[in-house]
Amino acid sequence: MTNTKQFCTFFLNGLFFGVEVLKVQEVIRYQEMTPVPLAPGMIRGLINLRGQIVTAVDLRNRLELPARDAGQLPMNVVVRSEDGAVSLLVDEIGDVLEIADDAYEAPPETLRGTARDLVEGVYQLQERLLLILDTEKTVQPRTDNKN
Amino acid sequence: MPLNDNLQQQLIRDLLVESFDSLDRFDREMLVLEKGQAGAETLNVVFRIIHTIKGSSGCIGLTKIENVAHAGESLLSLLRDGKLTVTPPLISALLEYSDALKAMLRCLEQTGQQGSADYSALLQKINAFQPGAAPQPKAATGFGLFEEEPAAPPPAPAASAPSAKIEAAPKAGPSVSDTAIRVELTHLDKLMNLVGELVLARNQIVQHTAQTKEGTLLNAAQRLNIITTELQESVMKTRMQPIGNVWAKFPRIVRDLAQELDKKVQLIMEGNETELDRTIIEAIKDPLTHIVRNSVDHGIETPAARRAAGKPEQGVLILRAFHEGGQVNIEIMDDGRGIDVARVKEKALQRGLITPDQAARLTHHEAFALVFLPGFSTVEKVTNVSGRGVGMDVVKTNIEKIGGSVDILSEAGQGATLKIKIPLTLAIIPALVVTSGGERFAIPQVSLLELVRLEGAQARQGIESLYGAPVYRLRGQLLPLAYLNRELKLANAPSGAADDITNIVVLHADGRQFGLVVDEINDTEEIVVKPLGKQLKGLNCFAGATIMGDGKVALILDVVGLAQNAHVISEIRDRTLLEQAKAAEKADDRQTLLVFSASHDARLAIPLSMVARLEEFPRALIERSGHQEVVQYRGQILPLIDVAKYLPKSGAAPVLSDPVQVVVYSEQGRSIGLAVGKINDIVQQTLTVQRQAARDGVLGSAVIQDKVTDLLDVPGIIRAADPTFYQTAPAA
């Protein structure tokens, strides 16, 4: 009897990502955002989530993926972090998957760049690979100066 | 004994509410300790509980409670430092001790007296645990005054203390715990958020119904409107309190402390009415009390020492609170002995907090920061008052917990100032809403002075440029300007609108004024300040964010940060210059000024008292001596300096007119000629330096005859042109 974990999954530039379901507060459709001038590029803006102000982090920017097409509206995956709720902007929401622990592997050595720091591990699913994000690290501002 | 009956009552009430709760916690933590599940924090918590009870009761003259509390505190201090280990008898004794405190407090609640019960047996027992004390009796429990559970709830006053023929409790109204309840702040927070949402929903409904003609719906909407507003106000009121509530007990604390220590202290409190959120009030209460005690105990010297230092016998302690730049500032200033940097370093070295290498490199400011390290205290002796090591580190932790910062400024011998800055988290403030680059921004009203709207020609001509720095003349005062679009790198407003109308929001920050140019001024609104996430903490332009009536988020501008970024207010150095200039202006109100232009058209002025003569020389008479242009003048050789060459370049190239206009300046028998473009006028007026210029050759700018005029730094220019002029002058 192997243990399983549940993951909330989403797509980014064709890649399949997941975060642990327990860390996700809610998933909501596109929300209007107030941009923050002078903020790092990964911060897309601020969202009013029932009276709570939530910072929206553009995961494409955070993971150094090409920017979303102008017409494509992102979805919000609101995760709980040490610093309160933070919204992760993603292309599309996938299913909640229950996956056995034994499919888990450390990220391959060949993974480069920011993804190397943020991807905790990889699950080999039949049809594709699921990349698990470290939410705590993901919502931290990037340490280098690149925007 | 009571300084003021009401005050005394209030203090006792506070002590009771707080102590009952914390003693219950104390008991729980004791049980945790006994089970051996306690972390390091547990001992700190219980220690602080007792420390606070001791301190508070001592402050209001409840010596008996203070004495009992003190015994336990010493014991806990040993436990905390690992000099004693936890044993069941020890825990029992401490629980008994907690019960004794509760009994005394209950007695206080019901009779207003501390009770006559005798606790010497308990104290002995407690003291017996101290290392070096006589071995304690075997019986862990089973004797002592309070084995009968005295914590029975009221009303059972007499039964609670066995030794008690206590003052028969007159049934005086409901007890504290009946009229007041303590509500978790998170509940209030949630309530607040919900009300905020309700307000938004209300706004939408009211907007919709405005278009309908249906009577019932309209009525209902109106009622909803009124109720929501009232609800909002009530909820907010539950959270806001003037800081005076915390300060009310300080006069007494200071007085008693000063008396105990034979010192003379005058306490000045400013800004009592500054309203703070309940969360913040709670969080700063203890730190502030601690700082005040520290100042009296360690800061202010004895009258004798003060006399010796040439200060008045009476020390001054100033507490000041005010809102600034979207923050609450609290300053605690004393004129005592200040902080001795050398001693701070020495102490930190002794305690192994820093290495000698680090010590040598520390600046004064960094050295002061050492005071905030845990386990740091420069005072050798542990007094009843302070210096037990529950010190500045706790102060700092508590303030940082609510997102604030503490800063110490001190000069040895002159006193120390502690500056606490607390963000307005959750505070509700009136704000002006403006639009720039299509985005809305809220500006806290506290920073707002006035609004200026320039239209048409005024907008195009009203704003002048001083070497690239835009300024506006506001009733004869020079107002440096910053453009919000530019500062925030926002898109510019559609060009047509920008040319016709200029909106200037006149703000003050750090004691100086500046104008913020925005695209549009919308309205004033009450806003709820919400903090920004950690990812955005680095941006000093924003004090937080808020949710507007339409449910969208708007950023709140941090006026001070913005002004610093735009360089419209600058370093302290400039400010002191300005103050000097102001002081000079007061001393000598009206000045006679010579107004002239340099050869490249900049409008300049110097005090007429500096001018020896005005002369005209045909260019043909100008000769050269080395690199220097000179002219023969009254049998002397007069060096000529072209003023324009020593000013920062502007557009036009300097060309001297013919004949050359020269202002002759004399100093101790030597003269020098300042070649200028044109002498304009001599005016008599009060000189107000408006803008400190960090530019060569210019002291600052003023409005003279309705025009922006730079004040020429004559000695500076001469020094630049002829470094020997002043050195050799006395000899000549």
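Burial cut-offs go down before anything else: a residue is buried if 20 or more other C-beta atoms lie within 10 Å of its own, exposed if 12 or fewer, and partly exposed in between, with C-beta atoms placed from the backbone. By that count E64(A) is partly exposed, because it has 14 C-beta neighbours inside 10 Å.

Ground rules next. This is a predicted model, so I keep in mind that local features need pLDDT of at least 70 and side-chain atom pairs count only at pLDDT 80 or more, while totals for chains, interfaces and linings use all residues. Residues are numbered from 1 along each chain as its sequence is written, and chains are lettered from A and ligands numbered from 1 in the order in which they are written.

**Entry: chain A**

I looked at phi for E64(A) and got a positive value near 60°, in a residue other than glycine. E64(A) sits in the loop between α1 (59-62) and β6 (75-81) of chain A.

I found N13(A) in the loop between β1 (4-12) and β2 (15-20) of chain A. N13(A) is partly exposed, since 14 other C-beta atoms lie within 10 Å. I flagged these values because most residues other than glycine have a negative phi.

Of its 147 residues, 36% are buried. I take two residues as in contact if their C-beta atoms, placed from the backbone, lie within 7 Å. Among chain A contacts between residues at least 6 apart in sequence, 56% join residues at least 24 apart.

**Entry: helices of chain B**

I checked α3 (residues 63-80) against α4 (residues 88-111), both of chain B: they pack at about 165° with axes 10 Å apart. Axes are lines fitted to C-alpha atoms, for helices over the stretch in contact, and angles run from 0 to 180 degrees between N-to-C directions.

Which residues of α3(B) meet α4(B)? They are K64(B), I65(B), V68(B), A69(B) and G72(B), and they face L94(B), Y97(B), A100(B), L101(B) and M104(B) in α4(B). By class I get 8 nonpolar, 1 polar and 1 charged residues (Ala, Val, Leu, Ile, Met, Phe, Trp, Tyr, Cys and Pro count as nonpolar, Asp, Glu, Lys and Arg as charged, and the others, Gly among them, as polar).

Y97(B) and A100(B) turn up again where α4(B) meets α5(B), along with A93(B) and E96(B). Their partners in α5(B) are L122(B), K125(B) and I126(B). That contact has 5 nonpolar, no polar and 2 charged residues. The axes of α4(B) and α5 (residues 120-128) of chain B come within 10 Å and cross at roughly 145°.

**Entry: where the chains touch**

I counted 21 residues from chain B and 21 residues from chain A in the contact. On the chain B side, α8 (185-209), β17 (542-547) and β18 (553-557) are the elements giving two or more residues. That side has 10 nonpolar, 5 polar and 6 charged residues.

Technical notes:
Helices (H or I, at least four residues) and strands (E, at least two) are DSSP runs, numbered from the N terminus.
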